[in-house]
Protein chains: 2
Amino acid sequence: MNIGAGKKLSGRLNELTATEIVRLVSAGEVTCEAVVRACLERIAQREPEVGAWHYLNPEQVIAKARDIDNGSKRGPLIGVPFGIKDIIDSCDMPTEYGSPIYRGHQPKNDATCIALGRKAGGLLLGKTVTTEFANQYPGKTRNPFDPTRTPGGSSSGSAAAVGDCMVPLAIGTQTTGSTIRPASFCGTFGYRPTYGDLRCTGVKEASGSLDTLGLIARSVEDIALYREVLLGIEPQPLPAVPRIPTIGFCRTHLWPVIEPYTQKLLEDAAQALRKAGAVVKEITPPPELERIEDAHRWISSFEFARNFTWEIENHWEGISGRLRGGRIKDGLSCTYEKYVESRNFAEKCRMDFGQIFGDCDVLLAASATGEAPVGTNSTGNVSPSAIWTTVHVPVMTIPVFKGPHGLPVGAQLVARRNDDRKLFSSAQWIYRQLT
Amino acid sequence: MNIGAGKKLSGRLNELTATEIVRLVSAGEVTCEAVVRACLERIAQREPEVGAWHYLNPEQVIAKARDIDNGSKRGPLIGVPFGIKDIIDSCDMPTEYGSPIYRGHQPKNDATCIALGRKAGGLLLGKTVTTEFANQYPGKTRNPFDPTRTPGGSSSGSAAAVGDCMVPLAIGTQTTGSTIRPASFCGTFGYRPTYGDLRCTGVKEASGSLDTLGLIARSVEDIALYREVLLGIEPQPLPAVPRIPTIGFCRTHLWPVIEPYTQKLLEDAAQALRKAGAVVKEITPPPELERIEDAHRWISSFEFARNFTWEIENHWEGISGRLRGGRIKDGLSCTYEKYVESRNFAEKCRMDFGQIFGDCDVLLAASATGEAPVGTNSTGNVSPSAIWTTVHVPVMTIPVFKGPHGLPVGAQLVARRNDDRKLFSSAQWIYRQLT
């Protein structure tokens, strides 16, 4: 078992959270270079087994770390190394989108999320492995807790790198469950923001009406900090003593798909939270939400198949059979009428969704069916994320459980649209009770 | 006065509509090369005065036209040259986004809209002039009907090129009024689709929650054809005999901003449509819509200022003073709370907007305040588009009026979300009555 999320600071700099790094670098107690060297050492040791990185140039990043140490720059992310999913453009590192079609591709500029991270004093450590075009065909990454298992996808490298303490922060993306699932499998915090909040400029679009960034970190505080950096606003600390949230325990119609041990972990957690003083209610979403995964499939496929017209027309042989026969086939077979009907249905669900909460602050649900499955040819079942993704609400997975093999299993928290900070303070309280 | 929109076919191939070109090329009566040569001749003659093109390589496009003529390819846009606003990536032509920061920039791939146009048998003729980053700082283009006047913006070159019969189709974009206004000023049809319909992958994002493509053409049929090509579906002909629409005449609170002669043109048109057999009702939007332009400003500025973080941080000197002191200053001064409040307000307006129509099929409104203003330092008043853009509905400007200087003035038609084809058939009927 490797060092994982939630581990107490042991003095090794690669295990620090971003919040800790900012404090120590700002106080002059540690240099950005020292942090980066610790991350690079961890990577040198572990990368042959984990394979989280698609591009990494140690000399380049050490030089940039020295620039930060020697500069006068201050900022809310000062000295913090971050990893970026290789579906996102970077001006000084190649960006290949997980596809041989883009081998050696060098974008002209940084995506907004990278530029905002750098503006805040952070340091782009390298590009993390993505599945092919953030779809299903996996990259080389293995689960850092068990290399025979998938890290999840499509933000495979971002979750594995953070979970393995190679880097404190990483960005992924999510069109279905591409941040929450790998974060759950790799024992990290993972966050999908309210749809539309964090700019996706410079991210290779899969399905624009569903895509968001996804943030991966080893604490709630880090997620909150990184989010506000990426909103381009001055970060505000979370409350030191979070209010006890009212929680809706929400099994959803997918409950039979969830592993029995995960069901029990969640049910026990609901009970523990009640004992800790929270009101925990059973919430049953209306039956129409059972159709939302189908709507998601048609929306995402229709848009994906059009977005990749250039690749389909000019580089068909460079596209995996799985993508050709999956998302692209689905998308090209979907009529415009079906697409609009699905989109209208999703919009109606979005409008109605706030009512499900009643007086609850957050919902508690499964992040994934269970532990990361054995095998690296599949990235696992995406269904547990489909409802929340499609209704555009913010969600977070918190690493609070262990499965029967001692591997991480997350709990997913769901908030209303625009309630991202309430999600964070609820997550803080819940995490403290369950760990 | 130059040859303008609506002119009857005179035998000059550059004056053909896309629909006519497809018919003639498919029947073997004309070659794509001949059409392209006619367009290039028109451009050679007129470009020194109009300045519609940012990049044009005649030899390259003639070679591609020959490939189409010699190939076995068929498609709904076979043989049709199109122009693309230089805010949109092309794999074989540089893309500079109207900014010196991107001088010589060559993207790796085609934007979705280019790839779909090429897949359908169309031919990318060249890149048309955009204002700086599709914002206000103008490019070199002049109004083809009077070179002392603006062509409008930000899709300046696309509208001027189509209005001057240099090319039958062009793509622009619209975040406020960047397609409708230049189309009105240049005497063309201009169309902004239902938000979200046409993929913007490969378009440099200004404000993702408002940006759409905009299509510019010289007939309603061409707009309808091009839209379905860009949806990636099989184009369906419009009804040969359009149904008489029920029309809502909608002055809006901006009526005092509209030139008195434009007011009279619209009022006379409403009367003429009544006489032609349409029911024309007066529609007064609820007063809360008066606040929507303000919401638009904060949403677009907040998003724009973040989207351009890389340029702001690394190329501040390459950004015009107008953009720095306008959109960027506004965006950086906008709090997140103000942004979310504005976004929530815009969403509420979207949900309620359909009710305004009552039993009307379309609304009739001003496309612009009047003729293109004298001077090329400003692209004109964007306000007449702000409501419709923000509520995500499809709109079309049709070239039906002449102002006091004999210059084009459009009428804007507005439909409910997803009623794009009803918008087209209504536009067909209305255009026939008014010309």
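This is a predicted model: local features need pLDDT of at least 70, side-chain atom pairs count only at pLDDT 80 or more; totals for chains, interfaces and linings use all residues.
Leu413(B) belongs to the largest nonpolar core, which has 274 residues. Among the core residues with the most contacts inside it are also Ile223(B) and Leu364(B). Ile223(A), Leu364(A) and Leu413(A) are listed with them. In soluble globular proteins, nonpolar side chains tend to be buried together.

Chain A contains 14 helices and 11 strands. Its C-alpha trace spans about 60 × 60 × 40 Å along the principal axes. The radius of gyration of chain A is 20 Å; a compact globule of 435 residues would have a value near 22 Å, so the two agree. Buried residues make up 63% of the 435 in chain A. Contacts between residues 24 or more positions apart account for 78% of those with a separation of 6 or more in this chain.

The strands of chain A form an open sheet of 11 strands with mixed pairing. Their order is S1-S3-S2-S4-S6-S5-S10-S11-S9-S7-S8. Strand S1 (53-56) and strand S8 (280-282) of chain A stand at the edges. Each has a single partner strand, so one side of each lacks a neighbour in the sheet. From one strand to the next, the twist averages 30 degrees. Within the sheet, strand S9 (residues 362-366) of chain A pairs with strand S11 (residues 408-414) of chain A. The sense is antiparallel, over four bridges. Leu363(A) stands opposite Val414(A) in S11(A).

Helix H3 (residues 58-70) of chain A touches S1 and S3 of chain A. The direction of H3 makes about 160 degrees with that of S3(A). Helix H7 (residues 220-230) of chain A also packs on the sheet. H7 touches S4, strand S5 (189-192), strand S6 (212-217) and strand S10 (395-402) of chain A. Its direction makes about 145 degrees with that of S6(A).

Backbone exceptions were identified in both chains. Most residues other than glycine have a negative phi, and most peptide bonds are trans. The peptide bond from Gly153(A) to Ser154(A) is cis, with omega near 5 degrees. Ser154(A) lies in the loop between strand S3 (123-128) and helix H5 (156-163) of chain A. In chain B, a cis bond joins Gly153(B) and Ser154(B), with omega about 5 degrees. Ser154(B) is in the loop between strand S3 (123-128) and helix H5 (156-163) of chain B.

Cys165(A) is not a glycine, yet its phi is positive, about 60 degrees. This residue is found in the loop between H5 and strand S4 (169-174) of chain A. Cys165(A) is buried, with 26 other C-beta atoms within 10 Å. Cys165(B) likewise has a positive phi, near 60 degrees. It sits in the loop between H5 and strand S4 (169-174) of chain B. Cys165(B) counts as buried, because it has 26 C-beta neighbours inside 10 Å.

At the interface, 29 residues of chain B are in contact with 29 residues of chain A. On the chain B side, the elements that give two or more residues are helix H4 (112-119), helix H9 (292-307), helix H10 (309-314) and helix H12 (336-353) of chain B. H4(B) provides the largest share, four residues. The residues on this side divide into 10 nonpolar, 11 polar and eight charged.

Notes: Residues are numbered from 1 along each chain as its sequence is written. Chains are lettered from A and ligands numbered from 1 in the order in which they are written. Two residues are in contact if their C-beta atoms, placed from the backbone, lie within 7 Å. Ala, Val, Leu, Ile, Met, Phe, Trp, Tyr, Cys and Pro count as nonpolar, Asp, Glu, Lys and Arg as charged, and the others, Gly among them, as polar. A nonpolar core is a set of buried Ala, Val, Leu, Ile, Met, Phe, Trp, Tyr and Cys residues joined through C-beta atoms within 7 Å. A residue is buried if 20 or more other C-beta atoms lie within 10 Å of its own, exposed if 12 or fewer, and partly exposed in between; C-beta atoms are placed from the backbone. The radius of gyration is taken over C-alpha atoms; the globule rule is 2.2 Å times the number of residues to the power 0.38. Two strands pair if DSSP finds at least two bridges between them. Axes are lines fitted to C-alpha atoms, for helices over the stretch in contact, and angles run from 0 to 180 degrees between N-to-C directions.
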